[in-house]
Amino acid sequence: MAEWEEPIIWTTGKRLRARDLNHDLNSNIAWLADRPMDLKTIYQQAANINVSGTDWTTLGPQYQLEVFVPDVSNVLLVTSFNIINAGSNHRIWFDWLRDGEYWVGAAQSTKPASSGAGIGEVNGNTSTEDHLNTLFWDVNVPAGRHTYDLMFTQAANSLDIRVADMTGQLLALVW
Amino acid sequence: MPVTPASVWTTPITWADNTPMDEDTLNEQIGNNLRFLKRGHLKIVRMPAGADITTTSTTMALVDADAAVEMIVEHDTTLFVGCSIPYALNNTSATIIFDLYEVNSGVYLSSFSSTPAANGLYIGRVWTANTGRVFSGLIPAGNVTPGPYKYELHWRVTANTGTIQRASHPVMLWLWGM
């Protein structure tokens with residue numbers, strides 16, 4: 001993947017060298033044509049992923065994305081999962097955790113409340129499926145390599161993320 | 001004199017044999033246009049924190065003056081309007097309907113006319129009263145020409161009370177030209 005470098009600032013007397021043109025017209029254009037992104041597709045696993053407990057939890061490396069941000073940029077975070085609830089009036093909340101320290105939806109570095117916080121809520125009835133399709137921007141992300149963990153918490157019972165026979169997807173895109 | 005890096009778009013020139021390759025032209029045509037393409041047409045608005053917003057209106061109405069996103073489009077592009085709207089209803093039999101209204105042209109995105117489609121862009125309900133869901137969308141707004149665009153979030157309910165859960169969750173709108 002091409003690296004983004006700050007475009008050259010031309011000044012009077014600066015020679016028009018091939019390497020400068022390559023810097024701006026090759027590397028940066030190639031970067032624009034192939035923006036940093038991380039896409040994970042989770043399908044046909046042995047079993048659905050079960051979430052239990054009533055505090056924020058990650059689901060492991062399959063639910064983690066990583067992107068390199070060349071300078072202050074925005075990162076679009078997308079989820080597309082079917083979920084199935086184990087109890088009636090089941091409520092779950094979700095958020096993205098950047099680098100293990102910044103909660104994107106809550107916009108804070110301290111862990112949000114264990115219920116009623118994060119980007120939003122999904123709920124359902126016993127054994128009824130719902131869909132967790134979300135788009136959210138992490139705004140003005142500093143330069144560097146960043147990881148994003150999809151975090152869940154819930155009110156009670158347990159939740160299955162249905163990846164045994166349906167496709168789940170996660171995406172992070174730098175813009 | 002170095003120019004200040006800018007994220008503005010300048011229509012590319014057609015180079016000819018004698019086109020001067022002076023510093024202003026190179027910076028404008030290469031550096032600034034590259035920076036613009038990197039960031040592009042993107043405006044993200046996160047509504048200021050505040051109390052939950054509620055409605056009992058059964059006719060389409062503006063959610064809140066802050067529930068809007070605007071941007072000046074600098075060149076022909078395909079515009080998308082995105083949103084992440086956490087909402088709830090206090091009755092499982094009611095539905096909540098959202099739409100996006102472009103202020104300058106006076107049209108709803110659901111119908112491309114001044115009258116919104118009956119069920120708007122999004123119609124939702126909840127499994128249990130007062131529990132939440134999220135309307136997350138990226139909706140094509142069409143091929144647009146340069147100029148100002150402002151989209152407001154409008155809503156209504158079929159009955160009972162609808163809530164945008166601003167007190168506990170973020171409300172985000174964005175415009176994206178691609």
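**Cores, salt bridges and the A–B interface**

Setting aside neighbours within four places in sequence, A:Phe152 is in contact (heavy atoms within 4.5 Å) with A:Val51, A:Asp55, A:Trp56, A:Thr57, A:Leu59, A:Ile92, A:Trp93, A:Phe94, A:Leu132, A:Leu159 and A:Ile161. The model is predicted, so local features need pLDDT of at least 70 and side-chain atom pairs count only at pLDDT 80 or more, while totals for chains, interfaces and linings use all residues. Residues are numbered from 1 along each chain as its sequence is written, chains are lettered from A and ligands numbered from 1 in the order in which they are written, and side-chain values use heavy atoms, with hydrogens and water left out.

A:Phe152 and A:Ile161 touch the most other members of the largest nonpolar core, which holds 52 residues. Such a core is a set of buried Ala, Val, Leu, Ile, Met, Phe, Trp, Tyr and Cys residues joined through side-chain atoms within 4.5 Å; buried means under 20% relative accessible area, exposed over 50%, and partly exposed in between (1.4 Å probe, protein chains only). Strand β5(A) provides the largest share of this core, six residues. A second, separate core of 34 residues has B:Val45, B:Ile53, B:Val69 and B:Leu175 among its members. In soluble globular proteins, nonpolar side chains tend to be buried together.

A:Leu170 belongs to strand β12 (residues 168-174) of chain A; helices (H or I, at least four residues) and strands (E, at least two) are DSSP runs, numbered from the N terminus. A:Leu170 counts as buried because its relative accessibility is 0%. Beyond its neighbours within four places in sequence, the contacts of A:Leu170 include A:Leu39, A:Tyr63, A:Leu65, A:Val78, A:Phe81, A:Trp96 and A:Leu150. The C-alpha atoms of A:Leu170 and A:Ile42 are 8.5 Å apart, although 128 residues separate the two along the chain.

Over all chains, the structure holds nine salt bridges, each a side-chain nitrogen of Lys or Arg within 4 Å of a carboxyl oxygen of Asp or Glu. One of them pairs A:Glu121 with A:Arg91, with the closest N and O atoms 2.7 Å apart. A:Glu121 lies in strand β8 and A:Arg91 in strand β6 of chain A, so this pair ties together parts 30 residues apart in sequence. A:Glu121 is buried at 1% relative accessible area, whereas A:Arg91 is partly exposed at 25%. Another salt bridge joins A:Arg98 and A:Asp138 (2.8 Å, N to O). Here the partners sit in strands β6 and β9 of chain A, so the parts tied together are 40 residues apart in sequence. A:Arg98 is buried at 10% relative accessibility, and A:Asp138 is buried at 2%. Shared partners also link A:Lys14, A:Arg17 and A:Asp20 into one salt-bridge network.

Turning to the interface, 51 residues of chain A are in contact with 40 residues of chain B. The two chains bury about 3,600 Å² between them, 60% of it on carbon and sulfur atoms; this buried area is the accessible area (1.4 Å probe) that two parts lose on being put together, summed over both. Two salt bridges are counted between chain A and chain B. In one, A:Asp71 meets B:Lys38, the closest N and O atoms being 2.5 Å apart. Elements that each supply at least two residues of the side of chain A that touches chain B include α1 (18-33), β5 (73-85) and β9 (129-141). β9(A) gives the most, with eight residues.
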